[in-house]
Amino acid sequence: MSSEYYFILAAALFCIGLAVIITKKNAVMVLMGVELVLNAANINFVAVNKNNLVSLDGQFFALFVIVMAAAEAAVGLAIVLKLFKYFRTTELDKINQLKG
């Protein structure tokens with residue numbers, strides 16, 4: 001399979017993720033959009049490195065991004081839970097004040 005298909009898939013995932021980040025008002029949905037964008041980057045890493053059988057740099061970068069995305073999701077969900085506990089909503093438009 002040609003690398004073009006991987007790039008098209010990654011571009012589609014990136015656009016969908018970016019649209020979700022921009023249009024959705026729910027914090028959990030925004031986190032899901034960020035995950036789609038990171039997965040698009042992973043597909044690009046692997047697609048670029050697909051023809052190079054000696055080096056596995058793309059796969060290692062993809063693995064690193066997956067680990068970072070898991071950590072980001074854990075921290076992001078913890079923040080969303082704390083915001084829900086305080087404001088009783090996860091709608092980003094209704095969370096308009098930050099108090100220490």
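Okay, let's start with Tyr-86, which counts as exposed because its relative accessibility is 54%. The cut-offs here: buried means under 20% relative accessible area, exposed means over 50%, and partly exposed is in between, using a 1.4 Å probe and protein chains only.

Quick word on what you're looking at. This is a predicted model, where local features need pLDDT of at least 70 and side-chain atom pairs count only at pLDDT 80 or more, while totals for chains, interfaces and linings use all residues. Residues are numbered from 1 along each chain as its sequence is written, and side-chain values use heavy atoms, with hydrogens and water left out.

So, aromatics. Rings of Phe, Tyr and Trp (its six-membered ring) pair if their centres lie within 6.5 Å; planes under 30 degrees apart are stacked, over 60 edge-to-face, and the rest tilted. By that rule we get two aromatic pairs. In one of them, Phe-45 and Phe-61 have ring centres 5.6 Å apart and planes at 25°, so they're stacked. Helices, by the way, are DSSP runs of H or I with at least four residues, strands are runs of E with at least two, and both are numbered from the N terminus. Phe-45 is partly exposed at 31% relative accessibility, and Phe-61 is partly exposed too, at 48%. Then back to Tyr-86: its ring and that of Phe-87 have centres 4.8 Å apart and planes at 85°, so this pair is edge-to-face.

Next, how do helix 1 and helix 2 pack? Helix 1 covers residues 3-23, and the two pack at an angle of about 165° with their axes 8 Å apart. Axes are lines fitted to C-alpha atoms, for helices over the stretch in contact, and angles run from 0 to 180 degrees between N-to-C directions. That makes helix 1 roughly antiparallel to helix 2; under 35 degrees is roughly parallel, over 145 roughly antiparallel, 65 to 115 roughly perpendicular, and the rest oblique. Residues that meet include Tyr-6, Phe-7 and Leu-13 from helix 1, and Val-30, Gly-33 and Ala-40 from helix 2.

Over in helix 3 we have Gly-58, buried at 5% relative accessibility. Not counting residues up to four places away in sequence, Gly-58 touches Phe-45, Val-46 and Asn-49, where contact means heavy atoms within 4.5 Å.

Now the segment after helix 3. Most residues other than glycine have a negative phi. Arg-88 sits in that segment after helix 3 and is exposed, at 61% relative accessibility.

A polar atom of the Thr-89 side chain lies 3.1 Å from the backbone nitrogen of Glu-91.

Last one: Thr-90, again after helix 3 and buried, at 18% relative accessible area. Its side chain makes a polar contact with the Asn-26 side chain at 3.0 Å. A polar contact is a pair of N or O atoms within 3.5 Å; within protein, one must be able to donate a hydrogen and the other to accept it, and residues adjacent in sequence count only if both atoms are side-chain atoms. Beyond four places in sequence, Thr-90 touches residues including Lys-25, Val-80 and Ile-95.
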